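Dear colleague,

Please find below the structure that I am passing on to you. I would be grateful if you would look through it alongside the notes that come after it.

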Amino acid sequence: MGIDKELNIKDHLKLFREEEFKELFRDKASKYESKIPEDEINKIKEWHKSREYHELNWSREALVINPIKACQPLGAYLAAIGFEKTLVYSHGSQGCNAYFRTHLARHFKEPFPACSDAMTEDAAVFGGYNNMYEGLENAYTLYKPEMIAVNTTCMAEVIGDDLNAFIKNAKDKGHIPQDLPVPYAHTPSFVGSHIVGYDNMMHGILSQMSTPSGEKKDRINIIVGFDTYIGDYREIKRILDLFGVDYILLSDPSDILDSPANGEYKMYYGGTKLEDLKDAANSKATILLQKYTTKKTQELLKEWGQDVRVVNPIGIKGTDELMMAISGLTGKPVPEQLEIERGRAVDAITDSYYWIYGKQFAFQGDPDLAYGLSRYLMELGGEPVHVMCTNGTKDWVEDMEKLKEEFPQGKEMNVYMGKDMWHLRTLLIQEFVPFLIGTSYHKYVERDLNDLGFPLKLIRIGYPIHDRHHLHRFSIIGYQGAIQLLTWIVNSIFDYIDNDTKGMATTDYSYDIIR
Amino acid sequence: MPLNLVSKEEAEKVVQDILSAYPKKAQKDRAKHMNVVDESFPKDTKCVQTSNVKSRPGVMSVRGCAYAGSKGVVWGPVKDMIHISHGPVGCGYYSWAGRRNYYIGHTGVNTFGTMDFTSDFQERDVVFGGDKKLTQIIEEIEKLFPLNKGITIQSECPIGLIGDDIEAVARQASKKINKPVVPVRCEGFRGVSQSLGHHIANDTIRDWVFENKHVDTNSFAQEIEDSPYNIAIIGDYNIGGDAWTSRKILEDMGLSVIAQWSGDGTLSELVNTKKVKLNVLHCYRSMNYISRYMEEAFGIPWIEYNFFGPTQIFASMRKIASLFDDKIKEKTEYLISEVYGPRLQRIIDKYKPRIQGKKIALYVGGLRPRHIVTAFEDLGAEVIALGYEFAHADDYERTTHYVDNATIVVDDATEHELEKILKELKPDLFGSGIKEKYQAQKMGIPFRQMHSWDYSGPYHGVEGFEIFARDVDMAVNGYVWKELTPPWKRV
């Protein structure tokens with residue numbers, strides 16, 4: 001901007017590189033900070049590169065450093081907000097609510113309305129029922145929801161509050177109408193992670209809002225899981241529409257978490273219709289697009305007598321499984337349009353896989369994404385060498401072991417559960433691979449490895465992505481999603497190659513204009 | 001002269017509209033938290049503005065918790081100590097690197113600010129207690145991060161509920177590692193907001209840094225030269241580099257800033273602060289406690305200052321200089337008239353015509369809503385509504401000194417209240433937090449995050465005002481705000 005140029009205003013991106021500030025930093029460090037001398041710092045950095053440090057780090061038993069997992073309520077929030085006119089409500093301390101809303105808003109760049117009933121010390125002594133009575137009444141009066149989905153945070157769980165009784169009493173005492181649906185889930189943060197919270201809330205809402213009438217309708221339920229790509233919700237609906245299938249998408253936050261800027265703020269936008277939710281038990285089948293995020297929910301669906309299929313529609317094989325699941329359940333053939341799209345995705349892979357073939361990757365994130373992406377990377381000829389889930393579980397590890405056998409490069413794959421980002425950091429130093437797929441937090445690993453002399457490149461796929469814009473809008477499932485993922489991955493490889501070859505008169509013979 | 005962009009009657013009507021939507025009990029309570037303040041308002045608002053009390057359940061308050069106030073605000077930025085988020089995984093994860101407390105250091109080696117250390121409580125820890133685990137965690141930290149200067153234990157809700165004795169763990173551990181290990185009882189259910197967390201954190205600095213409970217911290221302090229000009233910056237968390245631009249002004253004046261609390265701060269600086277001649281306090285709300293303590297214990301005077309915008313910067317510089325000798329006073333006058341003054345006048349000349357007459361609404365923490373008022377006025381804009389998440393009576397009292405036009409002042413606002421204010425008063429800019437940002441933008445109201453400077457900054461000091469003016473202009477004059485209504489719907 002002209003106005004800016006004339007005044008030469010510098011913000012933190014450039015300001016503190018000015019000599020006067022560098023001088024100020026030197027002065028502060030040398031006179032006041034009791035700073036560790038540089039050579040001692042460098043010694044520690046060398047030690048960080050050693051096998052010894054890695055082994056010491058991996059022998060940790062109690063300390064967790066930079067975990068790539070959130071706690072249960074965060075997942076419960078995402079599950080609940082995808083229902084029509086549903087108010088997310090947290091029973092516990094109010095700070096938790098502020099944290100969940102903040103974290104989710106930073107990812108989606110959208111408002112994430114949710115209430116807390118703000119329990120304080122007195123509730124620890126007497127129980128949180130008064131908070132719940134008044135909280136439900138206030139929330140209902142002010143925000144006029146048609147459903148309130150209640151989850152818990154630590155405090156309520158530790159003191160053992162009984163949600164079922166509290167909600168019933170709130171209705172009996174007239175704080176909220178008897179017929180207001182208030183499904184709930186206990187979501188203790190000291191059990192599992194956000195994906196378990198998603199499962200618990202989904203299970204709570206489905207089990208309390210829907211009961212089988214005995215009749216089975218020729219209709220499929222879809223549960224997407226803890227999926228933070230808004231495009232995925234739209235993609236699965238588009239695919240089902242192309243099939244001409246009658247379906248209910250159970251939790252569809254694609255409108256509320258991607259609402260238009262048009263001068264008006266609405267707290268509720270779209271979502272799964274409550275009428276559909278109530279009838280969901282009568283669908284003949286449910287397809288779930290994530291496995292480890294929906295364990296308890298799957299049990300419920302089986303109890304409902306539904307045909308339950310779990311697929312992971314990332315990449316070609318994964319999407320093929322989705323196609324065959326839909327086709328198998330409905331008897332409808334895969335639409336020509338989708339077959340053409342499959343062909344396009346395969347075509348795109350034939351264009352690009354030469355650049356991915358043999359390239360080595362590490363991944364850290366949620367288990368369903370880990371599984372789908374590892375398989376897709378292998379379809380592309382890549383080698384997922386380190387696949388790590390802080391919130392991975394034994395059944396996930398078993399599935400990953402089986403996946404290894406499906407591809408020749410599978411034998412190179414190492415699978416780790418329960419490990420955090422500091423584990424990943426020293427692992428990558430010891431067994432370096434150039435590409436890391438992860439979250440915004442992983443930029444610290446990229447920086448650290450680069451600082452220690454390892455040219456690591458981060459590709460952002462997963463949750464959260466707080467430092468890049470709009471990636472969450474795309475779809476990563478289906479054949480279209482496969483093309484999207486391929487685009488991110490192959491172009492990141494090109495960025496890496498360009499950066500590595502741009503040396504003028506040294507390596508820039510390979511700095512090609514054609515690739 | 002107030003611009004009076006909103007009349008007192010208009011403002012009072014908004015307050016009435018807000019209240020009418022509440023159930024009776026909440027309505028009665030919320031009425032006490034809202035006032036329309038202008039120059040005729042009593043300067044002692046202690047009796048009329050209710051604050052620092054429990055939020056009503058279910059109203060969608062913006063507030064956080066004591067843990068956020070201690071780990072997230074006061075202790076977290078002390079860069080060469082390791083802060084354990086003690087309890088389940090979430091609190092540490094959500095607050096991980098989320099506040100842009102800038103610092104210089106080799107993260108993971110001698111500084112640890114953008115890392116998340118957690119005890120990741122599992123069910124068994126809640127059932128059997130986490131003290132043994134905590135002891136082991138401290139041992140593991142010592143092995144893996146030997147250059148740390150000390151450890152704090154930031155308690156999350158379950159710790160206080162299950163009866164863990166983190167004080168005993170801290171006592172034993174600090175003797176073993178011969179470094180301060182500070183137990184902080186900042187469980188999220190304590191108090192009513194972040195504010196008690198600030199206080200609790202201040203008290204633990206008093207006990208474990210100054211009063212040497214367990215370990216003598218003096219050995220952690222660098223030896224410094226005694227000087228009549230030694231001062232400390234208190235209550236600046238260096239968001240986007242705020243403390244650095246503030247430090248520059250104070251050093252330009254001829255003073256020596258020997259400690260920053262706590263942005264880019266170190267244990268050495270904390271310990272040395274007892275040797276300063278003056279504490280200058282920016283965020284009164286979060287660090288007045290330790291300032292008062294140092295005054296009592298070491299006889300160190302403290303004064304509040306405000307480095308937002310030229311009017312306040314210059315007034316604060318003079319106020320600080322008045323406590324020193326003529327050399328400092330002369331240097332200060334020279335800086336104002338010859339260096340900073342002309343430099344900032346260029347900014348005002350450029351930006352004031354673009355910002356003149358704009359209506360501003362602010363809803364932030366415990367300090368900024370009042371502190372920034374004059375900076376907006378320097379640019380020709382007027383604050384028409386302001387509110388605090390966690391202010392106390394003394395903050396509201398101070399607020400009246402900044403406000404002379406009809407301004408809605410709201411304490412612990414709810415989502416409903418903010419929405420009404422935005423809808424009815426249609427400010428040209430809303431400055432608040434990330435939870436409020438996208439709602440305002442959907443309504444077509446330009447927005448700046450006023451906790452994090454919307455990832456820009458610094459906003460403190462001379463360079464800070466330049467960036468602030470640029471950002472306000474960028475927000476209120478952005479082209480996209482004209483495009484919210486499609487041409488076929490325009491009247």
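The notes below go through the domains, the interface between the chains, the strands and some backbone details.

This is a predicted model, in which local features need pLDDT of at least 70 and side-chain atom pairs count only at pLDDT 80 or more, while totals for chains, interfaces and linings use all residues. Residues are numbered from 1 along each chain as its sequence is written, chains are lettered from A and ligands numbered from 1 in the order in which they are written, and side-chain values use heavy atoms, with hydrogens and water left out.

**Domains of chain A**

Chain A is divided into domain 1 (70-310) and domain 2 (352-501); such bounds come from an automatic or database domain assignment. The centres of these two domains, taken over C-alpha atoms, are separated by 30 Å. Each of the two domains of chain A gives 28 residues to the contact, where contact means heavy atoms within 4.5 Å. Between them, domain 1 and domain 2 of chain A bury about 2,400 Å², with 53% of it on carbon and sulfur atoms. Buried area is the accessible area (1.4 Å probe) that two parts lose on being put together, summed over both. Of the area that domain 1 of chain A buries against domain 2 of chain A, 33% comes from His107(A), Tyr229(A) and Tyr292(A), more than from any other three residues.

Three salt bridges are found across this interface of domain 1 and domain 2 of chain A, a salt bridge being a side-chain nitrogen of Lys or Arg within 4 Å of a carboxyl oxygen of Asp or Glu. A salt bridge also joins the side chains of Lys291(A) and Asp399(A), at 2.7 Å from N to O.

**The interface between chain A and chain B**

In the contact between the chains, 106 residues of chain A meet 116 residues of chain B. The area buried between chain A and chain B is about 9,500 Å², and carbon and sulfur atoms give 63% of it. Tyr32(A), Tyr99(A) and Phe190(A) supply 8% of the area that chain A buries against chain B, more than any other three residues.

There are 11 salt bridges between chain A and chain B. Lys79(B) and Glu33(A) form a salt bridge through their side chains, at 3.0 Å from N to O. Helix 6 of chain A gives the most to the side of chain A that touches chain B, with 10 residues. Helices (H or I, at least four residues) and strands (E, at least two) are DSSP runs, numbered from the N terminus.

The two chains also meet through strands: strand 1 (residues 64-65) of chain A and strand 3 (residues 117-118) of chain B pair in the antiparallel sense over two bridges. Two strands pair if DSSP finds at least two bridges between them. Ile65(A) has Phe117(B) as its bridge partner in strand 3 of chain B.

**A sheet in chain A**

Strands of a sheet pair through backbone hydrogen bonds, either parallel or antiparallel. In chain A, four strands form an open sheet in the order 3-2-4-5, with parallel pairing. Strand 3 (115-116) and strand 5 (184-185) of chain A are the edge strands, each pairing on one side only. Strand 2 (residues 86-91) and strand 4 (residues 147-152) of chain A run parallel and are joined by six bridges.

**Backbone details**

Most residues other than glycine have a negative phi, and most peptide bonds are trans. Lys85(A), which is not a glycine, has a positive phi of about 45 degrees. Lys85(A) is placed in the loop between helix 5 (72-81) and strand 2 of chain A. A cis peptide bond joins Tyr463(A) and Pro464(A), with omega about 0 degrees, and Pro464(A) is found in the loop between strand 14 (457-460) and helix 21 (478-501) of chain A. In chain B, Gly457(B) and Pro458(B) are joined by a cis peptide bond, with omega about 0 degrees.

**Domains of chain B**

The domain assignment of chain B gives domain 1 (8-61 + 356-455), domain 2 (66-219) and domain 3 (230-338). The C-alpha centres of domain 1 and domain 3 of chain B lie 28 Å apart. Domain 1 and domain 3 of chain B bury about 1,300 Å² between them, and four salt bridges are counted between these two domains.

With kind regards
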